[in-house]
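Work through the exercises below with the sequence and the coordinates at hand. Each task is followed by a solution in steps.

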Amino acid sequence: MRDEYDIENLNPRKNPYSKRLKKQVTINIDCDTISFFKTQSEASGIPYQTLINLYLSDCAKQKKQLQVSWK
């Protein structure tokens with residue numbers, strides 16, 4: 001084993017995910033909504049937080065407008 005390694009030249013590729021860094025936030029989500037995504041998570045094998053992020057990312061990408069109607 002070497003005493004020293006040239007780390008910069010060890011893996012010269014840039015991180016492909018560096019532009020998609022995530023920021024941790026705290027939000028309040030209804031229990032029914034969390035249950036929905038947890039059920040989807042069990043069916044798909046994808047963690048429910050990832051599913052929520054994918055859904056919100058899709059909404060942002062498609063510039064979906066919020067439509068609220070109070071009954």
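**Exercise 1.** How many salt bridges does a search of the whole structure find? Identify the partners and classify their accessibility.

Solution. The model is a predicted one.
- Step 1: the search of the whole structure returns 1 salt bridge.
- Step 2: the partners are the side chains of Lys64 and Asp58, with an N to O distance of 3.9 Å. The cut-off is 4 Å, so this pair qualifies.
- Step 3: Lys64 has a relative accessible area of 45% and is therefore partly exposed.
- Step 4: Asp58, at 29%, is also partly exposed, because this class lies between the 20% and 50% limits.
- Background: side chains of opposite charge can pair when their charged atoms come close.

**Exercise 2.** At what angle do the axes of helix H2 and helix H3 cross? Name the residues that meet.

Solution. 
- Step 1: two packed helices are described by the angle between their axes and the distance between the axes.
- Step 2: the axes of H2 (residues 31-44) and H3 (residues 48-61) cross at roughly 105 degrees and come within 8 Å.
- Step 3: H2 is therefore roughly perpendicular to H3, a class that covers 65 to 115 degrees.
- Step 4: from H2, the residues in contact are Ile34, Phe37, Lys38, Gln40, Ser41 and Ser44; from H3 they are Tyr48, Leu51, Ile52 and Tyr55.
- Step 5: Tyr55, in helix H3, has 46% relative accessibility and so counts as partly exposed.

**Exercise 3.** Which residue has a positive phi although it is not a glycine? Locate this residue and state its exposure.

Solution. 
- Step 1: most residues other than glycine have a negative phi.
- Step 2: Lys63 has a phi of about 55 degrees, which is positive.
- Step 3: Lys63 lies in the segment after H3.
- Step 4: Lys63 is exposed, at 65% relative accessibility.
- Step 5: Lys61 belongs to helix H3 and counts as exposed at 69%.
- Step 6: Lys61 and Lys23 are 38 residues apart along the chain, and their C-alpha atoms are separated by 17 Å.

How values were computed: Residues numbered from 1 in each chain as written. Predicted model: local features only at pLDDT ≥ 70, side-chain atom pairs only at ≥ 80, totals over all residues. Heavy atoms only, no water. Axes fitted to C-alpha atoms, helices over the stretch in contact; angles between N-to-C directions. Helix = DSSP H or I, 4+ residues; strand = E, 2+ residues; numbered from the N terminus. Parallel < 35°, antiparallel > 145°, perpendicular 65-115°, else oblique. Contact = heavy atoms within 4.5 Å. Buried < 20%, exposed > 50% of the residue type's maximum accessible area, 1.4 Å probe, protein only.
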